[in-house]
Amino acid sequence: MAKPKLKEHHIHRDWCKGCGICVHYCPKSVLELDENDKVCAVRPEDCICCRLCEYRCPDLAIEIETE
Amino acid sequence: MAIKDYIRERFFPHLWCPGCGHGIVLNALLRAVERMGLKKNDIVMVSGIGCSSRISGYVDFHTLHTLHGRALAFATGVKLGHPELNILVPMGDGDALAIGGNHFIHAARRNIDLTAIVMNNRIYGMTGGQYSPLSGYGMLATTAPYQNIDHDFDVVALSTAAGASFVARSTTYHVQQLTDILEKAINHKGFSVVEVLSQCPTYFGRKNRLGSATDMMDQFKETTTPIGSKAKEKDPTLIERGVFVEKDIPEYCAEYDKVIERAMKKGA
Ligand SMILES: Cc1ncc(C[n+]2csc(CCOP(=O)(O)OP(=O)(O)O)c2C)c(N)n1
Ligand code: SF4
Ligand code: SF4
Ligand code: SF4
C-alpha cells in the first residue's frame, strides 16, 4: 500500500483547548501551540499521517485529511 | 460514516477540562463504533452522574442520562425490553464502584449483554476531588488531605470474580489498543467490562502533583504492560493491559426468553 500523503490538517480552533497532547505525542514535531494556545501545523511537510494526534485529541479538534 | 456524524456537534466544545482523559475515551469509542459500522439507531448509551457520565450528551445515539450509580439498572431495563440493541454504559469509578458497586457486581453475575466502560480517573471529578474506591492507599484527595488509608479495588479481579464474561483494561495513552478492545467488548455477547485508566489533571493530577495531562499519560505508558509480559515478571507493580476474560456462557436475555417459553408451555 502506498504511503498516505497529507492533504490538510483540519483544526477546529473553537474546540481546541490547548492541552498539548497532540503536540507532545507527534513523532515528527509537526504541531505547536500558537500565542492563543490553539494548535497549529507549523511543519506540515514533515507529517507522516500517522493520525496519533487525531486519535488522542480529547476534544475531537484535529483531523488529518489525506489525498 | 465519519466520526462527526456520530456526535451532537451543537454541544461542542464539550465541558471537560483541557486534557481530560474522558474526551479520549469518547474519541476511541466513536472510532470503534464507526469501524464496526453500527447504526446510530442501534445503539443506546446509558450513563449515570459524573464528569464521565456527561459523555451521553455528546453522542448522537439513543441516550439516557440517569441517576448516580444507577446506569446499569436502567440499562438492564432497556436491554430486556430491546435485546437487539447495543447498550453502552460508560461510568466513572465512583459511579460504577462506590454508589453503584452493588448494581455492578449483580449485572456481572447475571451476564446480561451490556458494555460497561469504567472511566477510571481514581477520583470524584465532578464534585471537586473526593477520594473514590479506586484512589488507592497513600494518595491525596480533597477528603484525604493526610493521605488516603483505603485500599483500592482491582476492577479486573472484581469483575472477573463477579462473573463478567468479558474483562479488559487499557488506558488513554494506548488509544489504538483501547479502540480494539472496545470493539471486542461491544461485539461480545454477555456482560463486558472495559476499565480505562483516564487522567483527571484538574483534581487527581493536581492533588497528587502528577503534572500535566501529558505527564499523566506518560505515566500510563510507564506503569502498564501487556498481559503476561516479561516486564511484569521483573516488576510485579506494573499494571497489566489487554483482554483478561473472554468466555461464552449463557446470556441473561436469552435465558429469560427460555423462561417465558417454559411458562407458556406450562400455561397452554
Ligand atoms: C445519589 C447521589 N449522590 C451523590 C451525588 C453527587 N455526585 C455527583 S458526581 C459524583 C461522583 C463523580 O465521580 P465519578 O463517578 O468517579 O466520575 P468523574 O466525575 O470522576 O468522572 C457524586 C458523588 C449525586 N449526584 N447523586
Ligand atoms: S490534543 Fe486537541 S485540544 Fe489538545 S492541543 Fe491538540 S488539538 Fe487542541
Ligand atoms: S498525523 Fe502524525 S505526524 Fe502528522 S501531525 Fe499528526 S501526529 Fe504528527
Ligand atoms: S474535573 Fe477532572 S474528570 Fe472532570 S472534566 Fe475536569 S479533568 Fe475531567
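## About the model

This is a predicted model, in which local features need pLDDT of at least 70 and side-chain atom pairs count only at pLDDT 80 or more, while totals for chains, interfaces and linings use all residues. Residues are numbered from 1 along each chain as its sequence is written, chains are lettered from A and ligands numbered from 1 in the order in which they are written, and side-chain values use heavy atoms, leaving out hydrogens and water.

## The sheet of chain B

Chain B has an open, mixed sheet of eight strands, ordered S2-S1-S3-S4-S8-S7-S10-S9. Strands here are DSSP runs of E with at least two residues, helices are runs of H or I with at least four, and both are numbered from the N terminus. Two strands count as paired if DSSP finds at least two bridges between them. S1 (residues 43–47) and S3 (residues 86–92) of chain B pair in the parallel sense over three bridges.

At the edges of the sheet stand S2 (62–65) and S9 (224–226) of chain B; each has a single partner strand, so one side of each is left without a neighbour in the sheet. On average, neighbouring strands are turned by 20° against each other, direction ignored.

## Helices across the strands

Helix H6 (residues 155–162) of chain B lies across S4, S7, S8 and S10, running at about 170° to S7(B). Helix H9 (residues 213–223) of chain B lies across S7, S8, S9 and S10, at about 45° to S9(B). Contact means heavy atoms within 4.5 Å; axes are lines fitted to C-alpha atoms, for helices over the stretch in contact, and angles run from 0 to 180 degrees between N-to-C directions.

## Around ligand 1

Ligand 1 has 17 residues around it, and those that come nearest are B:Cys51, B:Ser52, B:Gly94, B:Asp95 and B:Gly125. A residue belongs here if one of its heavy atoms lies within 4 Å. H4(B) gives the most to this shell, with three residues.

For polar contacts (pairs of N or O atoms within 3.5 Å), look at B:His22, where a polar side-chain atom lies 2.9 Å from an oxygen atom of the ligand. A polar backbone atom of B:Gly94 is also 2.9 Å from an oxygen atom of ligand 1.

## Around ligand 4

The residues surrounding ligand 4 include B:Trp16, B:His22, B:Cys51 and B:Tyr203. Helix H8 (residues 201–207) of chain B gives the most to this shell, with three residues.

Terms used
A polar contact is a pair of N or O atoms within 3.5 Å; within protein, one must be able to donate a hydrogen and the other to accept it, and residues adjacent in sequence count only if both atoms are side-chain atoms.
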